[in-house]
Amino acid sequence: MATTNGTSSSEAVAAITTDVASFAPNVHISKRPVLSHKISVLRSSSTNPGEFRRALREITFHLGYEATSTLTTKPVALNVPLGQDHIDSTGTKIAERIAIIPILRSGLGMCESMLELLPNAGVHHIGMYRQGLVPVQYYNRLPKKCESDVAYVLDPVMATGNTIMSVVKMLKKVRSQ
């Protein structure tokens, strides 16, 4: 298959996925081979629904670990076993209050994996569809008052980025209220 500028589709995809310089400075492109393989499984038109869900779950775990790397921790007292005894010790727990926001419906497939990583996170849903290139909101279950320090917006579909940018604007409005 060829694109409109004469390059093959695979060349076009390779150019898009490897031209890191064209992304914003805060965009992280993972170079992990297993993640690259799983993304290929996810993108293939020959992937059946079960394989798609499994790949999405696994990708979400990988991305979840990457995305949460900047969270901070605070000390927590623990009582740990040592032989026949138990001793007092200090562990850590995540300091931030976290929200997970799946964009309906595609983001729901990522929600369970993120909740396994962050079981105490709140979940708030946003429903969006596109009319042409314009994102349109049809469902919003964001809280009236923001009680989270960090929000992870979940959406495996990325085309123009307009939908996710629209959701980020909504989150900033809730945060400022």
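## A walk through the predicted fold

Leu171 is buried, with a relative accessible area of 19%, where buried stands for under 20% relative accessible area, exposed for over 50% and partly exposed for values in between, computed with a 1.4 Å probe on protein chains only. The model is predicted, and for this reason local features need pLDDT of at least 70 and side-chain atom pairs count only at pLDDT 80 or more, while totals for chains, interfaces and linings use all residues. Residues are numbered from 1 along each chain as its sequence is written, and side-chain values use heavy atoms, with hydrogens and water left out.

Leu171 lies in helix H5 (residues 162-176), helices (H or I, at least four residues) and strands (E, at least two) being DSSP runs numbered from the N terminus. Leaving aside residues up to four places away in sequence, Leu171 touches Ile101, Leu142, Ala151 and Val153, a contact being heavy atoms within 4.5 Å. The C-alpha atom of Leu171 is separated by 9.8 Å from that of Pro143, which is 28 residues apart from Leu171 along the chain.

The protein as a whole has 5 helices and 7 strands, and from the N terminus its elements follow the order α-α-α-β-β-β-α-β-β-β-β-α. Of its 177 residues, 24% are buried. Among contacts between residues at least 6 apart in sequence, 51% join residues at least 24 apart.

Two packed helices are described by the angle between their axes and the distance between the axes. Helix H2 (residues 33-43) and H3 have axes that come within 9 Å and cross at roughly 145°; the axes are lines fitted to C-alpha atoms, for helices over the stretch in contact, and the angles run from 0 to 180 degrees between N-to-C directions. The crossing of H2 and H3 is left-handed, a term used if the near helix is turned anticlockwise from the far one by less than a right angle, with clockwise giving right-handed. On the H2 side, Val34, Leu35, Lys38, Ile39, Val41 and Leu42 meet Phe52, Ala55, Leu56, Glu58, Ile59, His62 and Leu63 of H3. By class, this contact of H2 with H3 has 10 nonpolar, 1 polar and 2 charged residues, where Ala, Val, Leu, Ile, Met, Phe, Trp, Tyr, Cys and Pro count as nonpolar, Asp, Glu, Lys and Arg as charged, and the others, Gly among them, as polar.

Beyond H3 comes Thr68, in the loop between helix H3 (49-67) and strand S1 (73-82). Thr68 is buried, at a relative accessible area of 17%, and its side chain reaches the backbone oxygen of Tyr65 at 3.3 Å. With residues up to four places away in sequence not counted, Thr68 touches Leu118 and Tyr152.

Further along, the peptide bond from Leu104 to Arg105 is cis, with omega near -10°, and Arg105 is found in the loop between S3 and H4. In helix H4 (residues 108-117), the residues Met110, Cys111, Ser113, Met114 and Leu117 are buried. These buried residues of H4 pack against H3, strand S3 (98-104), strand S4 (122-123) and strand S7 (150-154).

Technical notes
A polar contact is a pair of N or O atoms within 3.5 Å; within protein, one must be able to donate a hydrogen and the other to accept it, and residues adjacent in sequence count only if both atoms are side-chain atoms.
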